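Thank you all for coming. Please bring up the sequence and the structure on your screens, and I will talk you through a few places in turn.

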Amino acid sequence: MPEDARVDDELLTIGAFAARARLSAKALRLYDRLGLLAPAHVDEGSGYRYYRAGQVERARLVALLRQLDMPLARIAEVVEADGAEGAALLAAYWADVESRLAGQRTLAEYLRGRLSGRSSEMYGKFVVETVDVPARVVITQSRHTLADELPAWIGASLGRLETAARECGGVTAAPYVVYHAEVSMESDGPAEACVPVADETAARAWAREHGRSWETGVRVEPAQRLAYTRITKAQVAHPQILAAFEAVEQWIAAEGLEQAGPCREVYFADWDAAGPEDEVCDIAFPVR
């Protein structure tokens with residue numbers, strides 16, 4: 001047997017192993033209880049735990065992953081994977097963490113502005129512009145939904161409609177969501193997902209086939225002017241997104257314009273590929 005293999009198979013008491021792994025015996029008992037690092041041998045008579053020297057690297061890896069506040073189930077996945085797969089799992093977890101932290105940072109800024117009474121300063125961070133959009137045919141899906149259910153529904157609904165658009169001449173502009181009434185934790189809208197398509201006749205045929213089961217429809221939106229501000233993926237989360245809506249409303253009033261229809265979120269970027277600080281969405285109001 002090679003010398004390094006004999007070293008790896010060497011049985012160590014929990015105290016000796018803890019010293020080699022630079023961890024406490026208490027931590028090792030916890031890892032065993034959590035199913036993350038079991039002893040190589042437990043003496044039936046004394047209950048003493050023994051570890052193999054080759055388990056040191058796994059013990060140190062578990063300890064480091066716990067410092068990232070990684071859930072236990074995901075730690076188990078990482079340590080059981082091979083090097084490349086484990087690295088990919090860690091990268092995916094950390095991307096989720098950064099996205100959540102970016103959202104929380106945006107929320108903290110929003111709340112500081114509200115609590116300090118500096119709303120006008122907060123709204124000033126948003127650049128509001130106008131754009132004229134032509135009349136267009138849209139296929140739609142509507143639903144009454146609360147704020148916590150909204151992100152999942154938007155992704156699923158727009159995905160279904162974009163797939164359906166292949167039967168309707170293809171997508172002609174960025175998809176969007178219209179809010180016909182307030183969506184919050186107390187109010188359920190409704191919200192309407194919309195995808196512009198090229199062929200009105202095909203769109204109406206598609207709606208007749210799927211309308212009842214999907215709550216879908218087709219309509220022609222008139223040409224209109226939109227006042228809008230562009231926000232990042234981190235800013236889309238509720239309730240911090242409210243600051244963007246309020247900033248556009250304030251700008252409309254200051255410019256002496258009137259709202260001419262319900263507000264909307266226009267999703268012009270690849271959501272899955274975007275990072276927390278990438279611009280992905282326009283918060284828009286029809287104006288006159």
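Let us begin with Leu11, which, once its neighbours within four places in sequence are left aside, is in contact with Ala40, Tyr50, Tyr51 and Arg52, where contact means heavy atoms within 4.5 Å. Leu11 is found in strand β1, residues 11–13; helices (H or I, at least four residues) and strands (E, at least two) are DSSP runs, numbered from the N terminus. Before I go further, please keep in mind that this is a predicted model, in which local features need pLDDT of at least 70 and side-chain atom pairs count only at pLDDT 80 or more, while totals for chains, interfaces and linings use all residues. Residues are numbered from 1 along each chain as its sequence is written, and side-chain values use heavy atoms, with hydrogens and water left out.

Leu11 is partly exposed, because its relative accessible area is 42%; buried means under 20%, exposed over 50%, and partly exposed in between, with a 1.4 Å probe and protein chains only. Between the C-alpha atoms of Leu11 and His41, which are 30 residues apart along the chain, the separation is 8.3 Å.

Gln55 sits in the loop between β3 (49–52) and α4, and it counts as buried because its relative accessible area is 17%. Its side chain reaches the backbone nitrogen of Arg52 at 2.9 Å, and, apart from neighbours within four places in sequence, Gln55 is in contact with Phe17, Leu37, Ala38, Pro39 and Ala40.

Now look at helix α3 (residues 25–33) and helix α4 (residues 56–66), which pack at an angle of about 85 degrees with their axes 11 Å apart; axes are lines fitted to C-alpha atoms, for helices over the stretch in contact, and angles run from 0 to 180 degrees between N-to-C directions. The two helices, α3 and α4, are therefore roughly perpendicular to each other, since angles under 35 degrees count as roughly parallel, over 145 as roughly antiparallel, 65 to 115 as roughly perpendicular and the rest as oblique. Leu28, Leu30 and Tyr31 of α3 make this contact with Ala59, Val62, Ala63 and Arg66 of α4.

What about the interior? The largest nonpolar core has 43 residues, and those with the most contacts inside it include Ile139, Ile154 and Val177; such a core is a set of buried Ala, Val, Leu, Ile, Met, Phe, Trp, Tyr and Cys residues joined through side-chain atoms within 4.5 Å. The largest share of this core, seven residues, comes from α10. A second, separate core of 24 residues includes Leu23, Tyr31, Leu37 and Tyr93.

Finally, Thr145 lies in the loop between β5 and α8, and it is buried, with a relative accessible area of 1%. The side chains of Thr145 and Glu149 make a polar contact of 3.4 Å.

Methods
A polar contact is a pair of N or O atoms within 3.5 Å; within protein, one must be able to donate a hydrogen and the other to accept it, and residues adjacent in sequence count only if both atoms are side-chain atoms.
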